[in-house]
Amino acid sequence: QVQLVESGGGMVQTGGSLRLSCAASGRTFSRYAMGWFRQAPGKEREFVAAISWSGRSTSYADFVKGRASISRDTAKNTVYLQMNSLKPEDTAVYYCAAAYIITWRSDSFAGAQIAYWGQGTQVTVSS
């Protein structure tokens with residue numbers, strides 16, 4: 001069993017920054033890639049960013065490129081999502097996710113079968 005525990009969500013003003021964290025507990029495996037999805041009310045869930053199990057490769061959705069940075073600390077088994085220049089349209093519940101990926105591609109995580117989901121953390125950007 002693997003559990004993903006998220007933190008760092010909250011309310012910020014337009015143009016502000018936020019750092020989300022996702023700590024994984026339980027047993028992990030060598031191809032355990034991690035990333036983030038988000039979902040706003042009435043909208044479909046969409047991919048935000050991902051990082052390979054090694055931390056050597058990352059992938060971002062177009063709408064966050066230049067504004068977000070994903071990283072991971074293998075010793076702490078934690079992934080981070082730094083988000084800057086936040087916009088009201090970034091308001092959503094952000095979900096941490098984990099998947100087993102053998103060969104990394106830029107779109108691997110977005111289309112992957114997710115093995116584990118976090119509970120979600122609310123991000124609200126005020127106008």
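**Side chains, loop to core**

Tutor: Start with Ser85, which is partly exposed because its relative accessible area is 40% (buried is under 20%, exposed over 50%, partly exposed in between; 1.4 Å probe, protein chains only). This is a predicted model: local features need pLDDT of at least 70, side-chain atom pairs 80 or more, while totals for chains, interfaces and linings use all residues. Numbering runs from 1 along each chain as its sequence is written, and side-chain values use heavy atoms, without hydrogens or water.

Student: Where is Ser85, and what is its phi?

Tutor: Ser85 is in the loop between strand 8 and strand 9 (92-100). Strands are DSSP E runs of at least two residues, numbered from the N terminus. Phi of Ser85 is near 50°, a positive value in a residue other than glycine.

Student: What about Asn77: which phi, and buried or exposed?

Tutor: Phi of Asn77 is near 55°, positive again for a non-glycine residue. Asn77 sits in the loop between strand 7 and strand 8 (78-83). Asn77 counts as buried because its relative accessible area is 18%.

Student: Which residues does Arg72 contact?

Tutor: Beyond neighbours within four places in sequence, its contacts (heavy atoms within 4.5 Å) include Asn77, Tyr32, Ser52 and Trp53. Arg72 itself belongs to strand 7 (residues 68-73).

Student: Then which backbone oxygens lie by polar atoms of the Arg72 side chain?

Tutor: There is the backbone oxygen of Ser52, at 2.8 Å from a polar atom of that side chain. The backbone oxygen of Tyr32 lies 3.1 Å from one.

Student: How many salt bridges are in the whole structure?

Tutor: The search finds 5. One joins Glu46 and Arg38, at 2.7 Å from N to O. Arg38 is buried, at 6% relative accessible area, whereas Glu46 is partly exposed at 24%.

Student: What links up with those two in a network?

Tutor: Arg67 and Asp90 are in that salt-bridge network with Arg38 and Glu46. Asp90 and Arg67 form their own bridge at 2.8 Å, N to O. That pair links distant parts of the chain, 23 residues apart: Asp90 is in the loop between strand 8 and strand 9, Arg67 in the loop between strand 6 (58-60) and strand 7. Both Asp90 and Arg67 are buried.

Student: And is the Lys65 with Asp62 pair buried or exposed?

Tutor: Lys65 is exposed at 51%, and Asp62 is exposed at 64%. Their salt bridge has its closest N and O atoms 3.2 Å apart.

Student: Switching to rings. How many aromatic pairs?

Tutor: The whole structure has 6. Rings of Phe, Tyr and Trp (its six-membered ring) pair with centres within 6.5 Å; planes under 30 degrees apart are stacked, over 60 edge-to-face, the rest tilted. Phe37 and Trp117 have centres 5.3 Å apart and planes at 55°, so they are tilted. Phe37 is in strand 4 (residues 32-39) and Trp117 in strand 10 (residues 116-117), 80 residues apart.

Student: Which of those two is buried?

Tutor: Phe37 is buried at 6% relative accessibility. Trp117 is partly exposed at 36%.

Student: What cluster do they belong to?

Tutor: Ring pairs link Phe37 and Trp117 with Phe47, Tyr95 and Phe109.

Terms used:
Helix = DSSP H or I, 4+ residues; strand = E, 2+ residues; numbered from the N terminus. Polar contact = N/O pair within 3.5 Å; in protein donor to acceptor, adjacent residues only side chain to side chain. Salt bridge = Lys/Arg side-chain N within 4 Å of Asp/Glu carboxyl O.
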